[in-house]
Amino acid sequence: MLNLVKTRFNGVAEKGAEVVDNFKTKVNVPEDILYKCPRCQETTLMDDFLAQGKVCKCGYHGRMTAKERLQITADKGSFIEYDSDMTSLNPINFPKYEEKIGSLQQSTGIKDAILTGECTIRGNRCVIGVMDSNFLMASMGSVVGEKITRAFEKAIELSLPVIMFTASGGARMQEGIISLMQMAKTSGAVKLHSDRGLLYITVVTDPTTGGVTASFASLGDIIIAEPKVMFGFAGRRVIQDTIKQHLPDDFQMSEMLLEKGFVDMIVERKKIRTTLAQLLTLHN
Ligand SMILES: [Zn+2]
């Protein structure tokens with residue numbers, strides 16, 4: 001049920017509303033009916049947002065599941081998954097980690113925060129990896145790192161290009177140092193693939209941060225980003241509080257990173273498949 005209860009000017013909330021201050025009311029928005037854009041803060045009907053491919057009117061490209069992404073990227077029926085049963089152990093005995101992983105596997109239908117495999121895109125064969133932010137904010141732990149490394153090794157074996165759709169909150173704190181070592185491991189795998197003269201394309205989606213930015217996400221021969229995507233290492237607030245300076249509004253946004261040369265091209269979601277197919281054909 002939609003809970004839109006107005007607050008009276010004297011600051012007393014009517015039943016069901018939470019008073020934020022004298023003039024504002026917190027609105028409980030049901031996620032399955034309305035979508036609130038994190039960029040423009042506008043609320044639209046979820047059906048309209050979905051009909052636009054999860055793209056807001058302001059241009060913000062919303063988060064997709066790995067399966068949705070594969071559906072709009074790979075040729076129909078061409079995806080063959082690698083390491084589909086790989087699941088995480090609890091290497092540092094983090095409290096309730098197994099339960100958390102178990103419930104996320106149930107709710108998302110995937111075993112960890114990335115799907116890897118091979119597919120064709122308009123007939124061009126490639127190895128592909130797609131991160132899924134619905135799974136522990138697509139943090140990189142042992143499974144994500146291992147699956148990426150194996151994907152690159154397979155691509156070397158088959159002499160295939162690699163495409164990685166990145167999205168991540170960074171390293172997975174529940175796996176401590178084991179998650180941090182995935183940065184070096186995945187970067188090493190990218191280097192071996194690169195040494196063979198094979199193409200690696202990253203497609204940065206919202207948000208890509210932390211250890212993923214500091215490793216394989218930034219190592220693509222070609223770095224594509226969706227519009228208005230947040231792509232950075234430490235978060236805005238952390239940096240602002242450390243350097244005690246105001247940061248520009250477009251800080252860590254793909255548009256600013258394109259201007260600074262960190263991103264090669266910004267491509268709208270509806271054109272990504274065509275762009276990838278063209279790049280793969282060109283480099284084949
Ligand atoms: Zn918006």
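Author: Setting aside neighbours within four places in sequence, Asp 221 contacts Leu 198, Leu 199, Tyr 200 and Asp 264. Contact means heavy atoms within 4.5 Å. This is a predicted model: local features need pLDDT of at least 70, side-chain atom pairs count only at pLDDT 80 or more, and totals for chains, interfaces and linings use all residues. Residues are numbered from 1 along each chain as its sequence is written, and side-chain values use heavy atoms, with hydrogens and water left out.

Reader: How far apart are Asp 221 and Leu 199, in sequence and in space?

Author: They are 22 residues apart in sequence. C-alpha to C-alpha, Asp 221 and Leu 199 are 6.6 Å apart.

Reader: And what does Asp 221 count as by accessibility?

Author: Partly exposed, at 42% relative accessibility. Buried means under 20% relative accessible area, exposed over 50%, and partly exposed in between (1.4 Å probe, protein chains only).

Reader: New topic, the metal. What coordinates the zinc ion?

Author: Cys 37, Cys 40, Cys 56 and Cys 58, each through SG, at 2.3 to 2.4 Å. Donors are N, O and S atoms within 2.8 Å of the metal (3.2 Å for Na, K and Ca); water is not among the atoms, so sites may look incomplete. Along the chain, the donors follow the spacing C-x2-C-x15-C-x1-C.

Reader: What is the arrangement of the 4 donor atoms?

Author: Tetrahedral, because the angles they subtend are 106 to 113°. Four donors count as tetrahedral if all angles lie between 85 and 135 degrees. The ideal angle for four tetrahedral donors is 109.5 degrees.

Reader: Is Cys 37 buried or exposed?

Author: Cys 37 is buried, with a relative accessible area of 1%. Cys 40 is partly exposed, at 28%.

Reader: Helix packing next. At what angle do H4 and H5 cross?

Author: Roughly 10°, and the axes of H4 and H5 (residues 176-195) come within 9 Å. Axes are lines fitted to C-alpha atoms, for helices over the stretch in contact, and angles run from 0 to 180 degrees between N-to-C directions. H4 and H5 are therefore roughly parallel to each other. Angles under 35 degrees count as roughly parallel, over 145 as roughly antiparallel, 65 to 115 as roughly perpendicular and the rest as oblique.

Reader: How do the residues of that contact divide?

Author: Into 8 nonpolar, 6 polar and 2 charged. Ala, Val, Leu, Ile, Met, Phe, Trp, Tyr, Cys and Pro count as nonpolar, Asp, Glu, Lys and Arg as charged, and the others, Gly among them, as polar. Phe 152 of H4 and Leu 192 of H5 are among the residues in the contact.

Reader: What about H2 and H9?

Author: H2 (residues 66-73) and H9 (residues 269-283) pack at about 55°, with axes 9 Å apart. That makes H2 oblique to H9. Arg 69, Ile 72 and Thr 73 of H2 meet Arg 269, Ile 272, Arg 273 and Leu 276 of H9.

Reader: What is phi at Leu 136?

Author: Near 45°, a positive value in a residue other than glycine. Leu 136 lies in the loop between E7 and H4, and is buried at 17%.

Technical notes. Helices (H or I, at least four residues) and strands (E, at least two) are DSSP runs, numbered from the N terminus. Four donors count as tetrahedral if all angles lie between 85 and 135 degrees; four count as square planar and six as octahedral if opposite donors are over 155 degrees apart and all others between 65 and 115; anything else is irregular.
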